[in-house]
Amino acid sequence: MSAVLTTGTGTGTEYEPAAEPVAGAKRRAWVPYVQLLPGGVWLLLFFALPVGLLAQSTLWDPSGSLEQGYALTWRWQNFTDGLSTYSDQFIRSLEYSLIATVICLVIGYPLAYAIAIKGGRWKNLMLIAVIAPFFTSFLVRTLAWKTILSDSGFVVDALRWLHVFGPDDRLLATNIAVIAGITYNFLPFMVLPLYASLEKLDPRLLEAAGDLYANPVKTFWKVTLPLSMPGVVGGTLMTFIPAAGDYINAELLGSPSTTMIGNVIQSQYQRVGDIPVGAALSFTLMAGILIMVFAYVRKAGTDEVV
Amino acid sequence: MAVLDQAPEEPGKTGRALPGDDRAGPAIIRQASAAARPETGELRLEGVTKNFGDFTAVDDLSLTIPAGSFFALLGASGCGKTTTLRMVAGLEEPTTGRITLAGKDITRMRPYQRPVNTVFQSYALFPHMTIEQNVAFGLQQRGVAKSQIRPQVRQMLELVQLADYGSRRPSQLSGGQQQRVALARALVNHPQVLLLDEPLGALDLKLRRQMQIELKRIQTEVGLTFVHVTHDQEEAMTMADTVAVMNAGQIEQLGAPTEIYEFPASAFVANFLGQSNLLSGDAQTAGDDVAVSAYGSRFAVPSARCRVTAGPAYLGVRPEKLHVTTEAVPDGHNAVPGVITDSSYVGVSTQYLVRAPWGEELSVFAPNSGTAGPLQPGTEVQAYWHPAHSFVLERA
């Protein structure tokens, strides 16, 4: 500022940037790395390292045991064995989690929309209601669903009374129960990202669309939905990814015919004791999800809307 | 159109500044709109009231806006002008009353069913669409053939000097450019009525003046009815043929800008539109004139300039109609003696404050057209005016 003033009075001094800001900028330049350190160390110790060990264990010889140790024999067959034996469970996992994700989106979008746009002063209360189930454990909630869907529960009673169900039809131990459980358990993960992006939506844009001859349905497809795509993408990923690896719902609400890949992995590790195949299945699931997510994010084109 | 070429935000854009090329854009639009324009007709509001809970935003408002006029709703914020506009757009529903357009009742029509478009104060451009897609939106929604949309969008972008910006996003444009996109997006639909909700409020002063001239020109070219809401009295006066001054949900006065300025209907209008010196007094008829007695003097005002001819009244004179002199007051003028208490030289004029004997300060704008320097504070002067330049208003 002073330099500008002095040239104004005609002394002609040139403005020369001081040296300190550069040094200051340099000093500040590594502050972000320091801030990254705790998280980075955490990730390294508890994510990267275990994943590396897991990767290694996929190629162990299954003839060993935890007590005697396993030999690293680069046995790629673990993957092909696992895939050929459990392809049904793989497909079922993707199917169930996909259906549950779609149902979550269909239920969650109107809910998030209502809270974000029409919530008014009840907004926070409604959001608390959405996350209220998290105050109890995942296991307890799923067990509660077991009671709700049980053969003597009110849902089955009602369906029988309506003659939708015959006397021998049941809900528990069916794929409907498993999908319903997954949908219930992961719904908040869909609602919260959707709410976050719908909350940012400028209601004046909706008015503008209406003013430009778009009826409410067209306004939704042309303006609301495109602008809430970050929430849709975020919500579907947050629902689909954990749902695909979930085993609690299939375990508690399903039957052997609704076994998901998560159940197989769990039993390989904890019951059968075949760690290499369990690891190979985990890895395949992880890789499969990663590929699907990449394809999905590219297709949904989030960079355009954020 | 050349005016816009000087817009500071696009220094490199000189392509359309060719002489004689100026009016090509509007001419195209005129043809296009003549072909596509539906029947136009006057916009009428009959006894329209809008309540928000206990608050009455618009109070029994009746108004007729002739087709093809440039109509300004002028008022301070909270006076109900935007609510009135939103009711015409269909974004608010009147509590009672009727709105008709070309004889057709549109009171309960949804916004998307009305042949009315709005330029929003915030522009409300769709951030996920390009400029072209924004402008094409209305045409697409009405099912105009794709082959016709493109040329119309191009013409409209040319009209607002943004032909090269079609593939950009709104966020990549400056405020003035966004404003023009909002205008193009509304105009391309050839609405029967174009509603402008303080569209220039976010622009800096210089750009605002340019856009005022530009808007007025476009309105003349396309011949649509423009209803412009503003709190800027200068903007309303430069652009509109008819100005309605609103206060507390009602229209205080409606008329041509000169009419409202020269002969305001109420003290509110006299002070909202420019400045006025208002002297409290009592009026009584005296032949062809009305005599106002105030502070022991009697001032004559022609009856035609009086809103009331008897009872408590304000005698009003605009500051630029007041003259100050240290010499004798010319014949046939009213005068008040006083002392100059303040003198501010503003280049084109000098603004004086003259304290009258009863303590009130009168504001006087004297053009700096002579060679004599401004009068100094402390000078004893006579402030005088021609009776035909004053007006008499009711004093409640």
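Predicted model: local features only at pLDDT ≥ 70, side-chain atom pairs only at ≥ 80, totals over all residues.

Guide: Happy to. Chain A contains 15 helices and 0 strands, and 29% of its 306 residues count as buried.

Now to the pair itself. Helix α6 of chain A covers residues 138-149, and helix α8 of chain A covers residues 175-199; their axes come within 11 Å and cross at roughly 140°. That angle makes α6(A) oblique to α8(A), since only angles over 145 degrees count as roughly antiparallel. The crossing of α6(A) with α8(A) is right-handed.

Which residues make the contact? From α6(A) come A:F138, A:R141, A:T142, A:W145 and A:L149. Facing them, α8(A) supplies A:A177, A:G181, A:Y184 and A:N185. Sorted by class, the contact of these two helices has 5 nonpolar, 3 polar and 1 charged residues.

On the chain B side, 15 residues are in contact with 16 residues of chain A. Two elements of chain B give two or more residues to that side, namely β6 (116-119) and α4 (131-141). The largest share, 3 residues, comes from α4(B). By class, the side of chain B that touches chain A divides into 8 nonpolar, 6 polar and 1 charged.

Chain B itself has 10 helices and 20 strands. Of its 396 residues, 41% count as buried. Among contacts in chain B between residues at least 6 apart in sequence, 66% join residues at least 24 apart.

In chain B, 4 strands form an open sheet in the order β2-β1-β4-β5, with antiparallel pairing. The edges are held by β2 (55-65) and β5 (104-105) of chain B, each with a single partner strand, so one side of each is left without a neighbour in the sheet. Within the sheet, strand β1 (residues 43-52) of chain B runs antiparallel to strand β4 (residues 96-101) of chain B, and 5 bridges join them.

Terms used:
Residues numbered from 1 in each chain as written. Chains lettered and ligands numbered in written order. Contact = placed C-beta atoms within 7 Å. Nonpolar A, V, L, I, M, F, W, Y, C, P; charged D, E, K, R; others polar. Buried ≥ 20, exposed ≤ 12 C-beta atoms within 10 Å, placed from the backbone. Axes fitted to C-alpha atoms, helices over the stretch in contact; angles between N-to-C directions. Parallel < 35°, antiparallel > 145°, perpendicular 65-115°, else oblique. Left-handed = near helix turned anticlockwise from the far one by under 90°. Pairing = 2+ DSSP bridges.
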